[in-house]
Amino acid sequence: MPSSAAVSRCARRIGVLCGTVDDARDLRVQVMAELRSVMEVGAFAFVLTDPRTAVGVAPVADVPWMGELPRQIALKYLTSVNRWTTLDRAPVALLHETTGGDPGRSLVWRELLCRHGVSDVASAVFADRFGCWAFLELWRAGGDARFTHAEAELLAGVVTPLTSALRRCQGRALTSALRRCQGRALTLRGPSPVSPAAPLVLLLTDRLEVVGQTPETAACLRLLVPPAEGRAPIPAAAYNVAAQLLANEAGVDDGPPTARVHVGGNLWMTARAARLQAATGEEPPAIAVTLEPTSATDRLDLVARAFALTPRERDLLERLPGRSTRELAEAMVLSEHTVQDHLKAIFDKTGTRSRRSLLALGG
């Protein structure tokens, strides 16, 4: 472990990144570079999540066992030990401490990680009262190598600023297309990188092996997680919602197997997983993952969470479509002046200038 001065400098640099980097992927890449400058990290996965469902949508990862990545995701969701959705008392947990030195209590370690020499796992969750924005897994390999208390404290110390920064990056993704349109006619529905009218369906086995997909699905997947040149896209969002369905079926977690994913520009897609009915001789039946344009209601939910709207501001935003100031005031039992004050606060938080541009964030 490096000196306390080096750790402090690392924490300060991450704090600077949190205030200056607007892209969630760039932020995670640079944060991991800083952590690796003071910590030995053999492999990692830093996964953005849907803030409402906590299901993964977009990973940044360095995993040497890429061929087993689908199986790892399935096992991670089926593992209750240090699951990101259960780290509510403390945002960081170490596998060797949680299991009392018996990491075999973790399904993903017992079934996969131990074969790759992983000796300890540091898990962190980035969540606030507006939702769960990401989770991080750090793996350390080599005999009895363990993460230390000091390293856990370093991670815990950057959780709060990173959580706020990741939430801000989601807001940036929601407003980026809008900002490009400011100063000219507001048209956010230009050509989409994929056709929302095309059926986007992926079929997976319980081991998250792809057994079929519609032709348009591959184009969408390439936008979600761009692959290396010459390689097929990795359906990370599909893996994650399917793994959440497996967790539902196993009784590990009851959250819905769905997640909203930013594809690009003003296009957001919602991924959902469901079990197909068994056909004769097919056991078990496949998991179907569908991708469809995110509804305006779900987009506005993301807006409310990403921009930290108060309950009253959120209520106003949900009632806003099609209503005048007077109608809003009557519905909310407020004065028209108070409604205008809340609207101004929402405009300030979202960087919008009018009701029209605000509602455009909902698609």
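Reader: How many aromatic pairs does the structure hold?

Author: The structure holds four aromatic pairs. Before we go on, please keep in mind that this is a predicted model, where local features need pLDDT of at least 70, side-chain atom pairs count only at pLDDT 80 or more, and totals for chains, interfaces and linings use all residues. Residues are numbered from 1 along each chain as its sequence is written, and side-chain values use heavy atoms, with hydrogens and water left out.

Reader: Why is the pair of Tyr77 and Trp84 called edge-to-face?

Author: Rings of Phe, Tyr and Trp (its six-membered ring) pair if their centres lie within 6.5 Å; planes under 30 degrees apart count as stacked, over 60 as edge-to-face and the rest as tilted. The centres of Tyr77 and Trp84 are 4.8 Å apart and their planes stand at 80°, so this pair is edge-to-face. Ring pairs also link Tyr77, Trp84 and Phe135 into a cluster.

Reader: Are Tyr77 and Trp84 buried or exposed?

Author: Both Tyr77 and Trp84 are buried. Buried means under 20% relative accessible area, exposed over 50%, and partly exposed in between (1.4 Å probe, protein chains only).

Reader: What makes the charged end of Arg83 count as sitting over the ring of Trp84?

Author: For a charge to sit over a ring, NZ of Lys or CZ of Arg must be within 6 Å of the ring centre and within 35 degrees of the ring normal. The charged end of Arg83 sits over the ring of Trp84, 4.5 Å from its centre. Elsewhere, Arg140 lies over the face of Phe147, at 4.2 Å from the ring centre.

Reader: How do you know that β4 and β5 pair?

Author: Two strands pair if DSSP finds at least two bridges between them. Helices (H or I, at least four residues) and strands (E, at least two) are themselves DSSP runs, numbered from the N terminus. Ten bridges join β4 (residues 118–128) to β5, and the two run antiparallel. Val125 stands opposite Phe135 in β5, and the two strands form a hairpin with two residues between them.

Reader: Which strand does β5 join through six bridges?

Author: That is β1 (residues 43–49), which runs antiparallel to β5. Here Phe46 has Leu136 in β5 as its bridge partner. Strand β5 (residues 131–141) is mostly covered, with ten of its eleven residues buried.

Reader: What is the order of the open sheet that holds β5?

Author: The order is β2-β1-β5-β4-β3, with antiparallel pairing. The edge strands are β2 (56–62) and β3 (92–94), each pairing on one side only. Helix α2 (residues 24–38) packs on this sheet, touching β1, β2 and β5, and its direction makes about 150° with that of β1. Contact means heavy atoms within 4.5 Å; axes are lines fitted to C-alpha atoms, for helices over the stretch in contact, and angles run from 0 to 180 degrees between N-to-C directions.

Reader: And the sheet with the order β7-β6-β10-β9-β8: why is one side of β7 and of β8 left without a neighbour?

Author: This is an open sheet of five strands with antiparallel pairing. β7 (210–213) and β8 (258–264) stand at its edges, each with a single partner strand, so one side of each has no neighbour in the sheet. The twist averages 25° from one strand to the next.

Reader: What makes β6 and β7 a pair?

Author: Three bridges join β6 (residues 200–204) to β7, where at least two are required. The two strands run antiparallel, and Leu203 stands opposite Gly212 in β7.
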